[in-house]
Structure formats: C-alpha cells, structure tokens
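Thanks for coming, everyone. Let me put today's structure on the screen, and then we'll walk through it.

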Amino acid sequence: MKQSSIINPFYAARMQPKVDMLPRNTIPKYARLPVAPRNGSPVPHLTSLYHFHRAGEYGDRKYPGNCGGNLIKDLLLYFQPGLVFDPMTGSGTCADVCKELNIPCMSFDIHQGYDACSTEDAPKAETFDFIWAHPAYWRQKLYADDPRDLSRSPTLDHFLRRYGQFIRNSAHALKPHGKLAILMGDYCDREEGFVPLTWHTKRLAFANGLQQCCTDIIRFSHGASSSRKVYRSSFIPGLHDTCMIFEKPANERNRP
C-alpha cells in the first residue's frame, strides 16, 4: 500500500502557512516543571507532566504521527505487565520498546489489513495485561488509503462509532485489572470546530465499563511539525496531547 498523504484537506484551507519555517532567531522556551513528591514509584520521573524532548530509538520518526517510545517505556516499567497488545502499531514503536524490555508483545496495523475497530478482528476475551493505543486524531493527519482507517472517517459521528467499537474491543480483550493506555489529542476541524477527543475517549471508556486508574499524563509535543510553521489565522496552539490510562475492574469480567 502506498504511503498516504499526511495533509488534512479539511483543515489545510483554513490554516495555510505564510512561510514554511519560523524565523531563525526564534528560540524555544521551556517551563520549569514543579517538583514531584517522593514516593515508591519504580519510575520516579513519570508524573502528570511528561517532558522528554528526545524521541528515543523506537519506531520510525518519519512515520506520520509517531509519538516516540519513551512514554510507552515508562508506562511499562511502572505497570510491569505480562502480555502487551498494540492494535495500531504504526511504525512499530511499542513493539520496539517491548523488545528492549523483553516483554512479549503482539502488534498489528491497518497497513497490514488489521482493523482494530471491527468486531471481526477483535481479539479474544481476557487476553492482555496492557494495551497501548495511539489512534488517529480523527482527520488531523491521514494515515492509510484503506477506507476503514479512523483518519478516513467522513464525519465525526462515524469516527466516534468506530472509535467506540475499538475501545469496546480493547475492554473485552483486557484481563481483569488490565490497563488500556490511550494517547489522544484534541482537534480543531474546519467543519466541526473544536473537537474534544480526550473527553470523548473518557466518555466511551466509561461507557464500556473501564475505570480511569491514575492521573492524566500531559505529554509535551516536542518535535511536532506544526511548531515550525506560521499560520494566517488566530488560535490558541495546542502544545500537548493526553495519555489516559484505564483499568478493567474485576467485576467487569463477564460484561458482554
């Protein structure tokens, strides 16, 4: 399958850049993070604010939407799962991290014909200890030419129905007390306006019997392509996305 475009045709018309790059004298500014309280965490630097400007040697940074593997690594070191599943593997970032940590991992992708949002491809019940997911932020970037790809959803309702089925599949596939980690960002669409995808993620997760098991992790978006552009329109730039970790309660074992 050929590499698809990463330009969002719905968003591009409103957000055409004046120039390709910021002026050379523009220097990134970094905020001082609050001091975290000491505790018994096996990953002391893992807090609600995640700042890591280096992506790490995981996956392919040229792949659209690649998020780097450091956050995945820290989550796995913290939760110490057995079998891991990545149903939207992209360039294989999660699999690379699991290989380094010697954690068994199964990973598939729409480019391989696997549809994480279908009932036909849904994994067996109570199989995984940890599921990592970095879904499309609706049509912000287009990933695959396959019409089943989430980024090809023609409407927000269509996206949310498919996204909800993915979360339902994930909840079904988790063992009791298993964790589902989803990295998601909000999105401003030309037709729909501001779309709070992080809120929709929680709404759909709770509707499928999952519970949030810890604080949101706000991941700073270092290296985002949008940060190197200048836009004509006025808006408040989003410089982060949000990792939400949900748990399957033991009493949800037999939930249909």
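One term before we start: two rings of Phe, Tyr or Trp count as an aromatic pair if their centres lie within 6.5 Å. Keep in mind that this is a predicted model. With that term, a search of the whole structure turns up ten aromatic pairs.

Here is one of them. Tyrosine 163 and phenylalanine 166 form a stacked pair. Their centres are 6.4 Å apart, with 5° between the planes. Why do these two sit about one helical turn apart? Because they are three residues apart in helix 4. Both tyrosine 163 and phenylalanine 166 are buried.

What does phenylalanine 166 touch, beyond its neighbours within four places in sequence? Its contacts are Pro87, Met88, Ala116, Cys117, Ala133 and Ile182. Elsewhere, Phe85, Phe108, Tyr114 and Phe128 make up one aromatic cluster.

Let's zoom out. The chain has five helices and twelve strands. Of its 256 residues, 42% are buried. Now take contacts between residues at least 6 apart in sequence: 73% of them join residues at least 24 apart.

Next, the core. In soluble globular proteins, nonpolar side chains tend to be buried together. The largest nonpolar core here has 54 residues. Which members touch the most others? They are Leu71, Leu75, Trp132, Tyr163, Phe166, Ile182 and Cys243. Helix 4 provides the largest share, eight residues.

Now the strands around strand 6. Eight of its eleven residues are buried, so strand 6 is largely enclosed by the rest of the structure. What lies on either side in the pairing? Strand 5 runs parallel to strand 6, and five bridges join them. Strand 12 runs antiparallel to strand 6, with six bridges. Follow one residue across. Alanine 181 in strand 6 is the bridge partner of tryptophan 132. Alanine 181 also stands opposite isoleucine 245 in strand 12.

Bring helix 4 back in. Strand 5, helix 4 and strand 6 together make a right-handed β-α-β unit. Between strand 5 and helix 4 there is a loop, and leucine 142 is found there. Is leucine 142 buried or exposed? Buried, because its relative accessible area is 8%, and the cut-off for buried is under 20%. Serine 153 comes eleven residues from leucine 142 along the chain. The C-alpha atoms of the two are separated by 10.0 Å.

Last stop, helix 5. Its buried residues are Leu197, Thr198, His200, Thr201, Leu204 and Ala205. They cover an arc of only 160° around the axis, which means they are on the same side of helix 5. What do they pack against? Helix 4, strand 6, strand 7, strand 8 and strand 12. On the other side of helix 5, Trp199 and Ala207 are exposed. Just after the helix, glycine 209 takes a positive phi of about 85°.

To recap: helix 4 gives the largest share of the core, holds the stacked pair of tyrosine 163 and phenylalanine 166, and belongs to the β-α-β unit with strands 5 and 6. Over to you for discussion.

Technical notes: Residues are numbered from 1 along each chain as its sequence is written. This is a predicted model: local features need pLDDT of at least 70, side-chain atom pairs count only at pLDDT 80 or more; totals for chains, interfaces and linings use all residues. Side-chain values use heavy atoms; hydrogens and water are left out. A nonpolar core is a set of buried Ala, Val, Leu, Ile, Met, Phe, Trp, Tyr and Cys residues joined through side-chain atoms within 4.5 Å. Buried means under 20% relative accessible area, exposed over 50%, partly exposed in between (1.4 Å probe, protein chains only). Helices (H or I, at least four residues) and strands (E, at least two) are DSSP runs, numbered from the N terminus. Contact means heavy atoms within 4.5 Å. Rings of Phe, Tyr and Trp (its six-membered ring) pair if their centres lie within 6.5 Å; planes under 30 degrees apart count as stacked, over 60 as edge-to-face and the rest as tilted. The arc is that of the directions from the helix axis to the C-beta atoms. Two strands pair if DSSP finds at least two bridges between them. A crossover is right-handed if, with the strands pointing away from the viewer, the path from the first strand over the helix to the second runs clockwise.
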